[in-house]
Amino acid sequence: MAERVIPLVDQRLDARQPFFSQQPMPPSGLLSDARGRTLHDLRISVTDRCNFRCSYCMPKEIFNSHHPYLPHGDLLTFEEITRLARLFVHLGVRKIRLTGGEPLLRKNLEILVEQLAQIRSPDGGPLDLTLTTNGSLLQRKARALKDAGLKRVTISLDGLDDAVFKRMNDVDFPVTDVLDGIEAALAVGLGVDDHGHPSGLKVNMVVKRGTNDNQIAPMARHFRGSGMALRFIEYMDVGNTNGWRMAEVMPSAQVLDTLRQVGPLIQLSAQQPGETAQRWGWAGADGQHDPALGEIGLISSVTEAFCGDCNRARLSTEGKLYLCLFAHQGYDLRAMLRDGSSDERLLSAVAGTWTQRDDRYSEMRAQGVAPSEFPRVEMSYIGG
Ligand code: SAM
Ligand code: SF4
Ligand code: SF4
């Protein structure tokens with residue numbers, strides 16, 4: 001087998017100074033970037049470690065015992081994360097997703113959830129607080145997370161066949177344990193709406209052509225009738241280590257063709273601005289979407305870039321603000337947190353940096369003009 005080239009530049013070390021804005025919140029009350037995109041979502045990575053080695057995210061050959069994971073003192077503390085989260089909410093964030101690495105590996109994560117769940121938007125409303133997990137520790141943690149105030153959860157599962165799933169996670173992790181984690185989330189009511197449907201429980205499957213595309217139909221059959229949302233994600237060229245090839249991307253249009261053989265689907269409208277998934281609902285006997293059957297999401301990051309309304313900011317494990325999943329540099333907020341900067345100064349930094357934002361990597365890739373000369377951050381460090 002050809003030897004993999006390990007990137008020599010650790011892009012985590014490459015931090016930029018934030019820009020500063022004189023007037024953090026414009027009179028409109030909406031903080032827009034250079035392309036008119038309003039800050040709305042914040043993804044917070046709470047660890048760069050994971051107990052899986054998904055080939056598309058943390059390939060084993062690179063994320064081994066020699067990999068320089070961040071020392072604990074470099075991670076933002078829960079208090080630092082909560083302080084920043086409050087400031088982001090002040091600037092317009094209404095949705096927070098905890099991610100990683102595997103977020104449930106962060107010790108006492110429920111304490112952070114409890115702190116974040118207390119944050120209110122300026123109009124007094126609660127945040128949409130959620131978490132993405134590989135599900136391996138969910139059985140153990142679901143109750144504590146729910147009690148701490150977590151609203152819903154997204155679970156990654158790349159197939160129902162053990163051999164295929166183990167090939168994807170590369171640590172021999174069995175499907176049943178993830179399914180038990182999903183059951184545990186259901187049992188404590190995570191993602192269950194007012195009508196009793198678990199519509200807020202989402203299952204994410206990354207599709208790699210030739211590896212797990214034969215799992216699309218079995219996954220659809222399994223989750224059709226559950227009331228959950230099953231989402232198919234196009235395999236992306238994030239990071240520098242996964243050896244991405246366009247030939248391994250299964251376009252969402254082809255996924256949809258396969259799904260239509262499982263049952264009738266009708267297209268649903270977006271629930272929120274900047275939504276990443278194109279939504280489809282399983283139709284009932286009357287030809288209308290039956291919420292009890294659940295829905296499908298197609299995340300076409302490669303074949304149908306959605307940079308135009310991308311409203312997501314990302315906070316890395318050690319407190320750098322990233323403006324795009326494909327960015328090569330983050331803006332160091334931790335240095336400011338630790339040098340005694342005031343809330344006003346931090347607000348000015350986040351607002352000033354967002355205002356300058358011009359990123360649109362996926363669109364540029366689609367147009368064949370994506371810059372390839374810079375190393376990019378790894379998904380496990382910045383969060384998905
Ligand atoms: N460990 C958690 C998990 O797997 O759900 C959270 C972090 S993971 C980086 C977040 C999401 O990113 C997962 O749904 C994962 O499948 C997705 N992801 C990771 N690498 C990807 C890639 N190369 N292309 C598309 N999605 C990817
Ligand atoms: Fe871990 Fe999630 Fe990345 Fe898989 S996708 S290696 S579970 S962080
Ligand atoms: Fe947003 Fe960057 Fe993804 Fe475009 S490529 S949708 S700007 S994260």
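Reader: What should I know about the model and its numbering before we start?
Author: This is a predicted model, where local features need pLDDT of at least 70, side-chain atom pairs count only at pLDDT 80 or more, and totals for chains, interfaces and linings use all residues. Residues are numbered from 1 along each chain as its sequence is written, chains are lettered from A and ligands numbered from 1 in the order in which they are written, and side-chain values use heavy atoms, with hydrogens and water left out.

Reader: Which residues are closest to ligand 1?
Author: Tyr 56, Gly 101, Ser 156, Val 206 and Met 236 are the closest of 20 residues that surround ligand 1. A residue is near if one of its heavy atoms lies within 4 Å.

Reader: How much of ligand 1 does the protein bury?
Author: The protein buries 95% of the 550 Å² that ligand 1 exposes when taken alone, by the Shrake-Rupley method with a 1.4 Å probe.

Reader: Which elements give two or more residues to that shell?
Author: β4 (128–133), β6 (201–207) and β7 (229–234) do. Strands are DSSP runs of E, at least two residues, and helices are runs of H or I, at least four, numbered from the N terminus.

Reader: What about ligand 2, which residues surround it?
Author: Ligand 2 is surrounded by Cys 50, Phe 52, Cys 54, Tyr 56, Cys 57, Met 58, Gly 101 and Asn 134. That shell has 6 nonpolar, 2 polar and no charged residues, with Cys and Tyr counted as nonpolar and Gly as polar.

Reader: And ligand 3, which residues are around it?
Author: The residues around ligand 3 include Cys 307, Cys 310, Cys 324, Arg 312, Arg 314 and Asp 359. β11 (312–315) and α10 give two or more residues each. By class, the ligand 3 shell has 7 nonpolar, 1 polar and 3 charged residues.

Reader: Switching topic, how many helices and strands are in the chain?
Author: The chain has 11 helices and 13 strands.

Reader: What box do the C-alpha atoms fill?
Author: Along the principal axes, the C-alpha atoms fill roughly 55 × 55 × 40 Å.
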